[in-house]
Amino acid sequence: MSWTTDPVVEDGVSEREFTLDGAGGPIPGVRWAPAEGRVERRLLLGHGGTADKRADYIVGVAKLAAAKGFESVAIDGPGHGDRVEPARRPTSETFFQRWDEAGGTESIVADWRQTLDFLEADGGARPTGWWGLSMGTMVGLPVCAGDDRISIAVLGLMGRWGPNADDLVRLAPTLRCPLRFLVQWDDEVVPRDRCLELFGLLGSERKTLHANPGAHAAVPIGEVVSSVEYLDRHVQRRPG
């Protein structure tokens, strides 16, 4: 387990890659943080299906969060990004198959627990949030439900759907952290009623639903910015 590159600074944001020795093979990841000043908080970023840790919206959220004093971390999900040869990366047609081949929910939860352990061993424990839509919720809901180090979450674009639908339904009532849940009203991938059903099952006492018109990938940029502001308000800063 180690950092694999030196920090690279651009536009006030420091970026550095790492690789962990996971049970299912290497786990490649990247960390973004403010280039100057104290890093007080941590944000875990879950990318969507067929994307990877460097998807444009993941990098965008990381940069928004860096401006607010967060370090942000993303890893390639099993079967995605640098964890497989390009020809084996999932498409919309092979996503379900690749998810199962890569170990499914159990494997992903283990990967993220190992990632957070690594970050805490390197930089100490910090107040931590989760941001992840679509597959980022297929991953994030189980991770947040199983790790009380994560104090708040932004989830959405997911419902009782997909290769781990049964896991999501089973774990949703056990989720306790506050959360914001995003829904696209005209979602052509995950039906709206499935998303609303999952929201209703979530056990968090403090949860809000934000719905916008448009297709699955058409989340308004203002909603993304607002979601980071939500995390900024509610992920506590370190005292001192």
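This is a predicted model: local features need pLDDT of at least 70, side-chain atom pairs count only at pLDDT 80 or more; totals for chains, interfaces and linings use all residues.
Trainee: Where is D11 found, and what is its phi?

Mentor: Most residues other than glycine have a negative phi. D11, however, has a positive phi, near 55°. D11 is found in the loop between β2 (8–10) and β3; helices (H or I, at least four residues) and strands (E, at least two) are DSSP runs, numbered from the N terminus. S134 is also a residue other than glycine with a positive phi, of about 60°. The loop between β7 and α4 holds S134, which is buried, with a relative accessible area of 15%.

Trainee: How much space lies in the largest pocket, and which residues are closest to its centre?

Mentor: On a 1 Å grid over the protein atoms alone, a pocket is an open set of points with protein on both sides within 12 Å along at least five of seven lines, a cavity is a set where a 1.4 Å probe fits but cannot get out, and lining residues have an atom within 4 Å of a point. Points are joined across faces, edges and corners, and a volume is the space filled by probe spheres set on them. Here the largest pocket holds about 510 Å³. Its lining comprises 21 residues, of which G48, G49, S134, H216 and A217 are the closest to the centre.

Trainee: How does the lining of the largest pocket divide by class?

Mentor: The nonpolar class is Ala, Val, Leu, Ile, Met, Phe, Trp, Tyr, Cys and Pro; the charged class is Asp, Glu, Lys and Arg; the others, Gly among them, are polar. The lining of the largest pocket has 15 nonpolar residues, six polar and no charged.

Trainee: How many cavities of 30 Å³ or more does a search of the whole structure find?

Mentor: The search finds two. The largest cavity contains about 50 Å³ of space, and its lining is G46, H47, I75, D76, G77, W112, M135 and V139. Four of these lining residues are nonpolar, three polar and one charged. The second largest cavity contains about 30 Å³ and is lined by P78, W99, A102, G104 and I108.

Trainee: Which residues of helix α1 are buried, and where do they fall, seen down the axis?

Mentor: In α1 (residues 56–66), I58, V59, V61, A62, A65 and A66 are buried. Seen down the axis, they fall within an arc of 160°, so they line one face of the helix; the arc is that of the directions from the helix axis to the C-beta atoms. Contact means heavy atoms within 4.5 Å, and the elements against which the buried residues of α1 pack include β3 (13–22), β4 (25–34) and α7 (221–234).

Trainee: How many salt bridges does the structure hold?

Mentor: A salt bridge places a side-chain nitrogen of Lys or Arg within 4 Å of a carboxyl oxygen of Asp or Glu. The structure holds 18. In one of them, R54 pairs with E15, with the closest N and O atoms 2.7 Å apart. R54 lies in the loop between β5 and α1 and E15 in strand β3, so the pair ties together parts that are 39 residues apart in sequence.

Trainee: Which parts of the chain do R31 and E71 tie together?

Mentor: R31 and E71 form a salt bridge of 2.4 Å, N to O. R31 is in strand β4 and E71 in strand β6, so this bridge joins parts 40 residues apart in sequence. R31 is buried at 18% relative accessible area, and E71 is buried at 2%. R41 forms a salt bridge with D232, the closest N and O atoms being 2.7 Å apart. R41 is buried, with a relative accessible area of 0%.

Trainee: Which residues are linked in a network of salt bridges?

Mentor: The network consists of R113, D117, E120, D147 and R149.

Technical notes: Residues are numbered from 1 along each chain as its sequence is written. Side-chain values use heavy atoms; hydrogens and water are left out. Buried means under 20% relative accessible area, exposed over 50%, partly exposed in between (1.4 Å probe, protein chains only).
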